[in-house]
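Visitor: I would like to go through this model with you and ask, term by term, what each label rests on.
Guide: Gladly; let us look at it together.

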Amino acid sequence: MDNTQTIITNNAKETQKLGEELAAYIIKGRKEGTVVPHIVCLYGELGAGKTVFTQGFAKGLGLTSRLVSPTFIIVRRYDINLCVQYLYHVDLYRLHKIEDIEALSLVELFKDQHAIVVVEWAERLGRLLPRKRIDVRWEAVVDDTRTITISYER
Ligand code: ADP
Ligand code: MG
């Protein structure tokens, strides 16, 4: 994967596949000892496909159980026990105030090298946005077509 890559998907399955591929890329990086961020930040409107992407990502990490949107509980943890111990799926949709987001202690999660963290509505993180991260941005949502850019600083 290049530093920045733009992909167009035409259905949910393709977006899920993209999530799976990103997970595979992270696992490969870890195995080879290259530094790949373990925080994945998703930015896109409601219904863009952030949760669909995360479902594929979790599958790529080896999760066999169903990943459900954590919209109401904000943070959901899954046992992975593959290259990392846990996957944390965070959905900030319902939180608008930075104080409420700070109260989640996400910074502690971000520091956890045994975890991979996916954050939906990552723009809400404000000053908590970690520097080392992979950004996944929905540039355009038209009918079933999604234009998605994945990027990170090496
Ligand atoms: P978000 O988490 O961004 O609010 P979801 O992943 O929950 O969005 O929902 C995305 C919806 O859009 C799903 O109903 C999915 O089937 C539909 N969809 C249609 N085309 C696509 C696509 N190309 N990629 C992802 N989802 C798509
Ligand atoms: Mg969602």
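Guide: Let us begin with the shell around ligand 1, to which helix H2 gives the most, with 3 residues. This is a predicted model, in which local features need pLDDT of at least 70 and side-chain atom pairs count only at pLDDT 80 or more, while totals for chains, interfaces and linings use all residues. Residues are numbered from 1 along each chain as its sequence is written, chains are lettered from A and ligands numbered from 1 in the order in which they are written, and side-chain values use heavy atoms, with hydrogens and water left out.

Visitor: Which residues come nearest to ligand 1?
Guide: Of the 16 residues around ligand 1, those are Thr15, Gly47, Lys50, Thr51 and Asp144, where a residue counts as near if one of its heavy atoms lies within 4 Å of the molecule or strand in question.

Visitor: Why is the approach of Lys50 to ligand 1 called a polar contact?
Guide: A polar contact is a pair of N or O atoms within 3.5 Å; within protein, one must be able to donate a hydrogen and the other to accept it, and residues adjacent in sequence count only if both atoms are side-chain atoms. A polar side-chain atom of Lys50 lies 2.7 Å from an oxygen atom of ligand 1, so the pair falls within the limit. A backbone N or O atom of Val52 lies 2.9 Å from an oxygen atom of the ligand, and for a polar side-chain atom of Arg146 the distance to a ligand oxygen is 3.3 Å. The protein covers 73% of the 570 Å² of accessible area that ligand 1 has on its own, by the Shrake-Rupley method with a 1.4 Å probe; for residues, only the protein chains shown count as cover.

Visitor: How do you know which atoms are donors of the magnesium ion, ligand 2?
Guide: Donors are N, O and S atoms within 2.8 Å of the metal (3.2 Å for Na, K and Ca), and sites may look incomplete because water is not among the atoms. Thr51 (OG1) and Glu120 (OE) lie 2.2 Å from the ion and are its protein donors. The pair links distant parts of the chain, with Thr51 in H2 and Glu120 in strand E5 (residues 115-120), 69 residues apart.

Visitor: What makes E6 and E7 a pair of strands?
Guide: Two strands pair if DSSP finds at least two bridges between them, and 8 bridges join E6 to strand E7 (residues 145-152), which run antiparallel, so they qualify. In E7, the bridge partner of Asp135 is Ser151. Strand E2 (residues 39-43) is joined to E6 (residues 134-142) by 4 bridges, and these two run parallel, with Leu42 opposite Val136 in E6.
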